[in-house]
2 protein chains.
Amino acid sequence: MQRFVNDPDYIVEDMVKGYVKAHKDLIKRSEANDRVVQYVNAPVEGKVGLVTGGGSGHEPAFLGYVGKNMMDAVAVGEIFSSPSAQAFYDAFMSVDSGKGVACLFGNYAGDNMNVKMAIRKAKKQGVTVKYVVATDDVASSPKETKEKRHGIAGGVFMWKIGGAKAALGGTLDEVIDVAQKTVDNTRSICVGLSPCAIPAVGHPNFQIEDGKMEFGIGHHGEPGINVQDLKPAKDIARQMAKAVIDDMEPEEGSEVAVLMSGLGATPVMELYVLYDEVEEYLKEQGLSVYKVFIGDYVTSLDMNGAALTVLKLDDELKELLDYEAKSPGIEV
Amino acid sequence: MQRFVNDPDYIVEDMVKGYVKAHKDLIKRSEANDRVVQYVNAPVEGKVGLVTGGGSGHEPAFLGYVGKNMMDAVAVGEIFSSPSAQAFYDAFMSVDSGKGVACLFGNYAGDNMNVKMAIRKAKKQGVTVKYVVATDDVASSPKETKEKRHGIAGGVFMWKIGGAKAALGGTLDEVIDVAQKTVDNTRSICVGLSPCAIPAVGHPNFQIEDGKMEFGIGHHGEPGINVQDLKPAKDIARQMAKAVIDDMEPEEGSEVAVLMSGLGATPVMELYVLYDEVEEYLKEQGLSVYKVFIGDYVTSLDMNGAALTVLKLDDELKELLDYEAKSPGIEV
């Protein structure tokens, strides 16, 4: 196992320690809970509190999206595991300034269960928490049951836009509404070229043969739509963009934001090779690209692969996407 | 070869096309030369022009450091190969506004030769170009011959600080002096856990056995100081930090900036695991960490490994490091 790790059972602890040291101007550990990281100025007086959370191994997600005009706190889970209900609860309580809390997370069974338990517990303490789940992964369920889809890199847009709305003084319902609109307008797809290994396991739980690629792979290696022969980058890029746009069905002339995330072991250069053809495809569909993010935004440990996310914009979403923000994972 | 590529012989072209599409608000191709990318507002009237350049495969270096208050143009080479003298020359000419040009690049034989040829050619056209070479890689030559050392991730600090000085109205000599001071105050070291493969070759030119690590490996796989058993991350981090600090010999109480760059296939999480112990070591040496950058800053195709760079600061360097800048590779 060629990786930078101490005891694999404590990799999350070591990673969190490194994060709060490196970004101490923006984030700190919660005093209430070791598995909660919060914005240094949280709770922000008069502002809706924003919380996210999820399993580790997706860095900079989730803790890298805590910061100025972004999330106020994050519940940190073990590798590929939901944070505990207690961690979500402590995150809620650490950011509430009386205006309520919005919990913006990705759609996975464990996270759903724990968030809902935490919400009930917070309610008993008089703290109102509402939530939005990202369901951007078009490969994870058919369109007819799109509420079952998982959340992947599209969460970044939900956090950025929800964060801006709260920073601009939005009420809890307004923050929830615009985060939900963002989710409704976002679609993602992944392609995997090599598997990932959980450090404490030491070897991948699945394989991708040389010369093959897994189209629609999930962020934990969930089986995708199919296994195909590895194709030239142009063909992969077009296939990814087509999957997203066919599902989204944006009106011709729409403006979109595009995020191309590496999955952990993907060379930066290759994300740009993919993007080159993605933009060509989008233009052919009559879409115009308003803003682009390329790099490691939501990863899957040491997986080699890429996630394409497209967000259909309107004037409100553009303004919120462009609003100043500063976090380890994104800066605008 | 599990990677996102079309024809491997044209990967640089495809990557540059993707870069200028994705970041069209900041950069564009030069009309004079397909292998020159420039800041959209270059030449900036009244400002010293700033140029860098080098082989591709190190993205976001070098073209990702062109932008606002950063480099004004970059000469783009093929994979791991110097750009041509003509590309450097065209880059110089595209950014000169009459105040002269500073060329800030990494110390490799091909780049040195081509930059100097381009400088002579520019001189005949009445354009003054001065240069600074980054020599931050402590593993590439002993201290007695430190002028022979290669430039690796430390270039990022040279570009950031040189860019700020020029933006603040510094003369050519002032920009050169502060870039040289930055180089003099910067040290880096790499550790490789797996090799990289040039796409057109299709397989690595060297190997790192499982269970081993190459301490001091170069950014093109140049042999390092030695091959060691792979150690826990804490031990690797301390060994990296010690190599850098022993060579730098900073006064106790010094403030430093730290950059921890992945080499292309390194999971984000693991860079933080390393950083956690790097900061511990620096504190033990009586140093305080002023600013931290973690992510993919200077990579080596698909190499799994990490580069640690430390810059010793003074008031001038702190001010320039903090000065507003926006480029695809760094934003402050």
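The side chains of B:Glu78 and B:Arg35 meet in a salt bridge, with 3.4 Å from N to O; a salt bridge here is a side-chain nitrogen of Lys or Arg within 4 Å of a carboxyl oxygen of Asp or Glu. This pair links distant parts of the chain, 43 residues apart: B:Glu78 lies in strand 4 (residues 73–79) of chain B, and B:Arg35 in the loop between strand 1 (27–29) and strand 2 (36–39) of chain B. Helices (H or I, at least four residues) and strands (E, at least two) are DSSP runs, numbered from the N terminus. B:Glu78 counts as partly exposed because its relative accessibility is 37%, while B:Arg35 counts as buried at 19%. Buried means under 20% relative accessible area, exposed over 50%, and partly exposed in between (1.4 Å probe, protein chains only).

The model is predicted, so local features need pLDDT of at least 70 and side-chain atom pairs count only at pLDDT 80 or more, whereas totals for chains, interfaces and linings use all residues. Residues are numbered from 1 along each chain as its sequence is written, chains are lettered from A and ligands numbered from 1 in the order in which they are written, and side-chain values use heavy atoms, with hydrogens and water left out.

Side chains of opposite charge can pair when their charged atoms come close. B:Lys283 is partly exposed at 48% relative accessibility, and B:Glu279 is buried, with a relative accessible area of 1%. In chain A, salt bridges that share partners join A:Glu13, A:Arg29, A:Asp34, A:Arg35 and A:Glu78 into one network.

Other salt bridges cross between the chains. A:Arg3 forms one with B:Glu270, the closest N and O atoms being 3.0 Å apart. A:Arg3 sits in the segment before helix 1 of chain A, and B:Glu270 belongs to helix 7 (residues 268–284) of chain B. A:Arg3 counts as buried because its relative accessible area is 4%; B:Glu270 is buried as well, at 1% relative accessibility. B:Lys21 forms a salt bridge with A:Glu280, and here the closest N and O atoms are 2.7 Å apart. Across the interface of chain A and chain B the rule finds 10 salt bridges.

The interface as a whole can be described by its residues and its area. Chain A and chain B each give 60 residues to the contact, where contact means heavy atoms within 4.5 Å. About 4800 Å² is buried between the two chains, and carbon and sulfur atoms give 58% of that area. A:Gln2, A:Phe4 and A:Met269 supply 21% of the area that chain A buries against chain B, more than any other three residues. Buried area is the accessible area (1.4 Å probe) that two parts lose on being put together, summed over both.

Polar contacts also run between the chains: there are 26 residue pairs in polar contact, both residues at pLDDT 80 or more. On the side of chain A that touches chain B, the elements that give two or more residues are helix 1 (11–22), strand 7 (186–194), helix 6 (233–248), helix 7 (268–284), strand 11 (288–295) and strand 12 (304–312) of chain A. Helix 7 of chain A provides the largest share, 10 residues.

Strand 3 pairs in the parallel sense with strand 5 (residues 101–106) of chain A over 3 bridges, and A:Leu50 stands opposite A:Ala102 in strand 5. Strand 3 also pairs in the parallel sense with strand 4 (residues 73–79) of chain A, over 5 bridges; there the bridge partner of A:Val51 is A:Ala73. Two strands pair if DSSP finds at least two bridges between them.

A:Ser141 is found in the loop between strand 6 (129–134) and helix 4 (155–167) of chain A. A:Ser141 counts as buried because its relative accessibility is 10%. A polar contact of 2.7 Å joins the side chains of A:Ser141 and A:Thr145. A polar contact is a pair of N or O atoms within 3.5 Å; within protein, one must be able to donate a hydrogen and the other to accept it, and residues adjacent in sequence count only if both atoms are side-chain atoms. Leaving aside its neighbours within four places in sequence, A:Ser141 is in contact with A:Lys148 and A:Arg149.
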